There are 2 protein chains.
Amino acid sequence: MSESKQLHSIDEKLDKLSINDQKDVYKILNGVGFQSLALPDTAKEYAKINNLELAGYEYPSKVEQLRSPRIVKIGAFQNKLPLKTDAPIAQMRDALYKLALEAITMASLAEVNVFCFQEAWTMPFAFCTREKQPWCEYAESAENGPTIKFLQNLAKQHNMVIISPILERDETHGDLIWNTAVVIDNYGDILGKHRKNHIPRVGDFNESTYYFEGNTGHPVFQTEFGKIAINICYGRHHPLNWLMFGINGAEIVFNPSATVGELSEPLWGIEARNAAIANGYFTVAINRVGTEIFPNEFTSGNGKPAHKDFGHFYGSSYVAAPDGSRTVGLSRINSGLLVVKVDLNTCRQIKDHWGFQMTQRLDMYAEALQKATNLNYEPQLIIKK
Amino acid sequence: MSESKQLHSIDEKLDKLSINDQKDVYKILNGVGFQSLALPDTAKEYAKINNLELAGYEYPSKVEQLRSPRIVKIGAFQNKLPLKTDAPIAQMRDALYKLALEAITMASLAEVNVFCFQEAWTMPFAFCTREKQPWCEYAESAENGPTIKFLQNLAKQHNMVIISPILERDETHGDLIWNTAVVIDNYGDILGKHRKNHIPRVGDFNESTYYFEGNTGHPVFQTEFGKIAINICYGRHHPLNWLMFGINGAEIVFNPSATVGELSEPLWGIEARNAAIANGYFTVAINRVGTEIFPNEFTSGNGKPAHKDFGHFYGSSYVAAPDGSRTVGLSRINSGLLVVKVDLNTCRQIKDHWGFQMTQRLDMYAEALQKATNLNYEPQLIIKK
């Protein structure tokens, strides 16, 4: 399907219903937690001038007696590639940095505190090709690569935590490549990094050709704007991955992704939202946008003819709250920023309300999983005598 | 809100969109897996005469070379109470048995193989009251209580596996009460039972006043129509509960429930569906219907005045497939039967496709949970030095 024929969003379709019908549908589909957030005119003008989508929502704060509200503005940026996939690497990077600068400037105008890019935002999502060159050249150090240095300045300048999912080159360990998210704090210092825990082997997601399952566990980063974690892309299909970030204390878990059309779109609204519910934190699902066409053809292991594109990355970035509410998503077709204002006190409030952590029986499952991983495990299968 | 003002379903609202718009919306909202299933005229007539809703869907079978299709028709029944909550217990039971007979007869006409009732279907959902009498009198033996005996005959007669979620009285262990689902096979024999693993303490769900967390683990029942398990109600909020049924080999997991309005409705479409995706099995979410008004008033721990009703049980029963597709739901207001035809071979096909089990890293999580349950656990929290 050509780019121009891509659906904008299902919300554009639902807009055709009467206001009352929309209200009924959204109440059940999206929950009642989020409201529209007025954004500064400067941010809106900046978005317009730069041809970027911009949307704002807030989850209203509830007052406690002993804790002050901990208000945080989350920024989730989704984007198309600014150049064709086969642009020289330095040019592509420069064009992406230009776009990133716009995104962060706009986020700053919208008073964002914690900003996150999509997965592997510094490059085309070239893993479909299984070609090692030139794509591996996009890999860079998480500690002193050009992207990190570029962002450190911006983070400090805008007093903003920035999460940068990149292709990492680990020069101190045999030049290994990893799929990594780097957390830069609001002083421009690198707080740490997390490597993608679960690597897909499905459709055109040939990432296991390039990097292994991450070895950084489930770190939660203590920032001035709350405790945050990153569940990279395919990790969102794994409830245990989400669970461990929750156990380690995360209040916001970002899910920078790159995923396409029919493969995952009906799952997109489900998984990050389920994780927010089950674990009592906010989740931020961010997906790449647009169709990326590569120079050489490749096949998809589905019997269909060779082709040169990965399919349509459908954007639709959204935020989910611990009560199961979600924001409307960004569009399926445009680069843009979603700004969501939340009170992190909400997490504990909703955990107290639902009691999922109290009723979790973690000890029973620790024992059950230990048994299940035994080579001689006998499933609890009830067979008629 | 009075019963008559309750919304029928969001699908009734979406029907107001043009066919093309509906197609776009449903493709993203519900996925593309399920199609409408033509049901026998006899079943449709029976439904009409008895004033019951009836809907059919199928997930088309894909041919394999070495395995024959394993086609199963699932029946999910949701119902209102036929009498007022304070009807004498024997009368209530008789009225419910009459309704159950209709449901199973209709299911038989629709050629259902595995049939499941809603949670605690033999009684009002009286746990909101915290009154022990008369409600505890509804508890009965899972092995030789009146409900099981009544259903054993029907199961044999209709060659149908029947799952019966009841309030269990365990006379051999100190007269304990449990929230239990009994599995009767298609020969009328009791295959076994499962006790609800996770008990809520939220809103009006005062179930922990009556029974404890279940002690039956995560059994999967081998029937002639596939390997089935039951995740009772609140257990659907716990991804680990769903996970263990998957590890033990379940192909269909039923989620008989009783849940109301604003508390859980935005979560309803998320959790059973997420479980189907993550674990590669079909899930069957069944919810009670109607508003149950009790003789004495009670409070809900939310500062609001005492009242006599539990809120509206919103029905909306549906089936989800391992690829994330879901059927349209039954209505929010009527008693009815959802019939869904699936090929159990689909489970393995989709597990092979997505690879979630292969990429699950269960050993890592077994170790992580073991550590996390240690009293001296130190979360992996990254703090700036």
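The contact draws on Thr42(A), Ala43(A), Tyr46(A) and Ala47(A) from H3(A), and on Glu102(A), Thr105(A), Met106(A) and Leu109(A) from H4(A). Sorted by class, I get 5 nonpolar, 2 polar and 1 charged residues for this contact. For the geometry, I took H3 as residues 41–49 and H4 as residues 89–109 of chain A; their axes come within 8 Å and cross at roughly 160°. Angles over 145 degrees count as roughly antiparallel, so H3(A) and H4(A) are roughly antiparallel to each other. A reminder to myself that this is a predicted model.

**Across the two chains.** Next I looked at H9, residues 362–372, in chain A and in chain B. The axes of H9(A) and H9(B) come within 8 Å and cross at roughly 145°. This crossing, too, I noted as left-handed. On the chain A side I listed Leu362(A), Tyr365(A), Ala366(A), Leu369(A) and Gln370(A); they meet Leu362(B), Tyr365(B), Ala366(B), Leu369(B) and Gln370(B) of H9(B). The tally for the H9(A) and H9(B) contact is 8 nonpolar, 2 polar and no charged residues.

**Helix H8 of chain A.** I then asked which residues of H8(A), spanning 345–354, are buried. They are Asn345(A), Thr346(A), Cys347(A), Ile350(A) and Trp354(A). What do the buried residues of H8(A) pack against? I found strands E11 (282–287) and E15 (336–343) of chain A, together with helix H7 (261–279) of chain B.

**A glycine in a strand.** I placed Gly56(A) in strand E2, residues 53–58 of chain A. Gly56(A) is buried, at 9% relative accessible area. Leaving out residues up to four places away in sequence, I saw Gly56(A) touch Gln35(A), Ser36(A), Leu37(A), Leu39(A) and Val339(A). Leu81(A) is 25 residues from Gly56(A) along the chain, and their C-alpha atoms are 23 Å apart.

I looked up omega for the bond from Gln133(A) to Pro134(A), and the peptide is cis, near 5°. Pro134(A) sits in the loop between strand E4 (114–116) and helix H5 (146–158) of chain A. In chain B, the bond from Gln133(B) to Pro134(B) is cis with omega near 0°, and Pro134(B) is in the loop between E4 and H5 of that chain.

Cys233(A) has a phi of about 40° and lies in the loop between strand E9 (226–230) and helix H6 (239–247) of chain A. Is Cys233(A) buried or exposed? At 3% relative accessibility, Cys233(A) counts as buried. Arg130(B) has a positive phi near 60° and belongs to the loop between E4 and H5 of chain B. I logged Arg130(B) as partly exposed, with a relative accessible area of 47%.

Conventions: Residues numbered from 1 in each chain as written. Chains lettered and ligands numbered in written order. Predicted model: local features only at pLDDT ≥ 70, side-chain atom pairs only at ≥ 80, totals over all residues. Heavy atoms only, no water. Axes fitted to C-alpha atoms, helices over the stretch in contact; angles between N-to-C directions. Helix = DSSP H or I, 4+ residues; strand = E, 2+ residues; numbered from the N terminus. Parallel < 35°, antiparallel > 145°, perpendicular 65-115°, else oblique. Contact = heavy atoms within 4.5 Å. Nonpolar A, V, L, I, M, F, W, Y, C, P; charged D, E, K, R; others polar. Buried < 20%, exposed > 50% of the residue type's maximum accessible area, 1.4 Å probe, protein only. Left-handed = near helix turned anticlockwise from the far one by under 90°.
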